[in-house]
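Please have a look at the model first, and then we can go through the pairs one at a time.

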Amino acid sequence: MATTTKTLDDLFLDTLKDIYFAEKQILKALPKMARAAQAEEGKAGFLQHRDETQTQIERLDQIFELLGKPARGKTCEAIQGIIAEGEEIMEEFNGSPALDAGLISSAQAVEHYEIARYGTLIAWANQLGLKDAVPLLQANLAEEVATDKKLTQLAQASANAKGKRAA
């Protein structure tokens, strides 16, 4: 049985399917996180990022189209694990003053995963000459970086301090 040598093109498509799956999972998780958040800023932030995530998925759809491939995700165990940790925090810290700090921490773990994936995809798209994919990936990356900064500000402004105090 002959095996074909996998190329950077294959790796790019594989990673694109990975982040596509991840974004779809995140889209489902964000409303739950918004409902669980105690602070209004947290709720609003999670809902705003849900809208951004929908746009990010649409950009990924465009990249699949550019490649002439069906927009299909590939199970990403990493994002499933990060989301499961977030759900665990929601259960274990429900009603706790530390809940919002935990939610922000979970959301940042998601953002950092996405930032790593988009950074890699941009480098590979440039290497592969996929000029039309690069700005779409850069737009997604910029939104993830901005969300991460907002989450840090939210944590520093209130959630971490509130989490310190006993109810």
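Before I use the terms, let me say that a residue is called buried under 20% relative accessible area, exposed over 50%, and partly exposed in between. Please also keep in mind that what you see is a predicted model.

The count of salt bridges comes to five, and I will go through some of them. Let me begin with arginine 117, which forms a salt bridge with aspartate 18, the closest N and O atoms being 3.2 Å apart. This pair links distant parts of the chain, since arginine 117 sits in helix H4 (residues 99–128) and aspartate 18 in helix H1, 99 residues apart.

Next comes lysine 32, which forms a salt bridge with glutamate 87 at 3.6 Å between the closest N and O atoms. Lysine 32 lies in helix H1 and glutamate 87 in helix H3, so the pair ties together parts that are 55 residues apart in sequence. Lysine 32 is partly exposed at 37%, and glutamate 87 is partly exposed at 30%.

Finally, the side chains of aspartate 14 and lysine 74 meet in a salt bridge, with 2.8 Å from N to O. Here aspartate 14 belongs to helix H1 (residues 8–36), while lysine 74 is in the loop between helix H2 (40–67) and helix H3 (77–92), 60 residues apart. Aspartate 14 is partly exposed at 31% relative accessibility, and lysine 74 is partly exposed at 38%.

Technical notes:
Residues numbered from 1 in each chain as written. Predicted model: local features only at pLDDT ≥ 70, side-chain atom pairs only at ≥ 80, totals over all residues. Heavy atoms only, no water. Salt bridge = Lys/Arg side-chain N within 4 Å of Asp/Glu carboxyl O. Helix = DSSP H or I, 4+ residues; strand = E, 2+ residues; numbered from the N terminus. Buried < 20%, exposed > 50% of the residue type's maximum accessible area, 1.4 Å probe, protein only.
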